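Here is a brief report on one protein chain. Please keep the sequence and the 3D view open while you read.

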Amino acid sequence: MRSTRRDEILAHAAKLFSERGIAATTVRDIADEVGILSGSLYHYFDSKDAIANEIVVRFLEDLNVRYEDSIEPGGSARDRLATMVSVSFASAVDHPYATEVYQGEAILSSQPADAPITVLVQKAHSYWRSAIARGIADAEFREDIDPEQFHRLLRESVWSTVAQYRPQLSELAEDLQRNLISVFLDGFAARSVDGEPVARIARRTAKKEAQTESPDSDLAELRSGSQMAELRSDSQMAELRSDVDELKSVIRELSSSIRQLQKP
């Protein structure tokens, strides 16, 4: 799609806002970056705040469309959340600095309940909440972790990671989202009596059954014995303990950060 002058203004303004903040960025700063006179900028936008609002609204509208389009009927809750993490990174790459502008500006995050940004944010949150609620209802996720706290920790981790790694985001996105998915979703997964995530057991069992077209009782028993041996594997248990320890550490750090942000 061909870039318009409005698109150019939004792109340059988003970068400046993320680096300096909205208050410290002037209309002239934006105009100079675009290569136009300050007065000419008002032909496209009424004010600097109008530019900031459109940056965030465009990002959120596209994000919600991607969330909706990524829903796979019948898929697991874990796969749904993992897809949302990937979609979030892809949207952040395509909308540079928009999420940083929103997260770093109180004027944008404290709007009226019926404001476009507020409505779009709540819609985005609903996709996360519904996937988490479904996973708990289906016994796919643990019940001993508060779902709203988990939702906030996972969501904020995604966007804070985007901001932290912004210069290398395109190159590192795949590794970053894989690590987030592993730490959060494997740690949040419901466990079998042997400690392994239930969803992982189900996926492995389904894969083995698909590979055997007509298993007889002896072969089924052999598979069952093999699965039990896998569940009791010392190496698997060590990996699971490591995942859980890492998750606890991340949660403690994020909880501390959230408390700091909530201080007046």
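## F150 and its partners

F150 touches L81, I132, I145, F184, L185 and F188, leaving aside residues up to four places away in sequence. This is a predicted model. F150 also belongs to the largest nonpolar core, which has 61 residues. It is among the members that touch the most other members, along with F17, I30, I51, Y67, L81 and F89. In soluble globular proteins, nonpolar side chains tend to be buried together.

## The chain as a whole

What does the secondary structure of the chain come to? It comes to 13 helices and zero strands. Read along the sequence, the pattern is α repeated: α-α-α-α-α-α-α-α-α-α-α-α-α. The chain has 264 residues, and buried residues make up 39% of them. Take the contacts between residues at least 6 apart in sequence: 71% of these join residues at least 24 apart.

## Two helix pairs

Start with α9 and α10. Helix α9 covers residues 147–164 and helix α10 covers residues 169–188. They pack at an angle of about 165 degrees, and their axes are 10 Å apart. That angle is over 145 degrees, so α9 is roughly antiparallel to α10. The crossing of α9 and α10 is right-handed.

Which residues meet at this contact? From α9 come F150, L153, L154, S157, V158, T161 and V162. From α10 come L169, L176, L180, F184, L185 and F188. By class, the contact of α9 with α10 has 11 nonpolar, two polar and no charged residues.

Now take α4 and α8. Their axes come within 9 Å and cross at roughly 25 degrees. An angle under 35 degrees counts as roughly parallel, so α4 and α8 are roughly parallel to each other. The crossing of α4 and α8 is left-handed.

On the α4 side of this contact are N53, V56, V57, L60, E61, N64, Y67 and E68. On the α8 side are P116, I117, L120, V121, K123, A124, Y127 and W128. By class, the contact of α4 with α8 has 11 nonpolar, two polar and three charged residues. One of the α4 residues, Y67, is also among the core members that touch the most others.

## Residues in helices

I9 is found in helix α1. Is I9 buried or exposed? I9 has a relative accessible area of 0%, so I9 is buried. Leaving aside residues up to four places away in sequence, I9 touches I30, V34, I36, L41, Y44, F45 and I51. Two of these partners, I30 and I51, are named among the core members that touch the most others.

T161 sits in helix α9. T161 is buried too, with a relative accessible area of 12%. Again leaving aside residues up to four places away in sequence, T161 touches F89, L176 and L180.

A90 has its place in helix α5. At 33% relative accessibility, A90 counts as partly exposed.

| Pair | Separation in sequence | C-alpha to C-alpha |
|---|---|---|
| I9 and L41 | 32 residues | 8.0 Å |
| A90 and R66 | 24 residues | 9.4 Å |
| T161 and Q177 | 16 residues | 9.1 Å |

## Positive phi in loops

Where does Y97 lie? Y97 is in the loop between α5 and α6. Phi of Y97 is near 80 degrees, a positive value in a residue other than glycine.

A139 is found in the loop between α8 and α9. Phi of A139 is near 60 degrees, and this residue is likewise not glycine. At 47% relative accessibility, A139 counts as partly exposed.

Definitions and conventions:
Residues numbered from 1 in each chain as written. Predicted model: local features only at pLDDT ≥ 70, side-chain atom pairs only at ≥ 80, totals over all residues. Heavy atoms only, no water. Axes fitted to C-alpha atoms, helices over the stretch in contact; angles between N-to-C directions. Helix = DSSP H or I, 4+ residues; strand = E, 2+ residues; numbered from the N terminus. Parallel < 35°, antiparallel > 145°, perpendicular 65-115°, else oblique. Left-handed = near helix turned anticlockwise from the far one by under 90°. Contact = heavy atoms within 4.5 Å. Nonpolar A, V, L, I, M, F, W, Y, C, P; charged D, E, K, R; others polar. Core = buried A, V, L, I, M, F, W, Y, C linked by side-chain atoms within 4.5 Å. Buried < 20%, exposed > 50% of the residue type's maximum accessible area, 1.4 Å probe, protein only.
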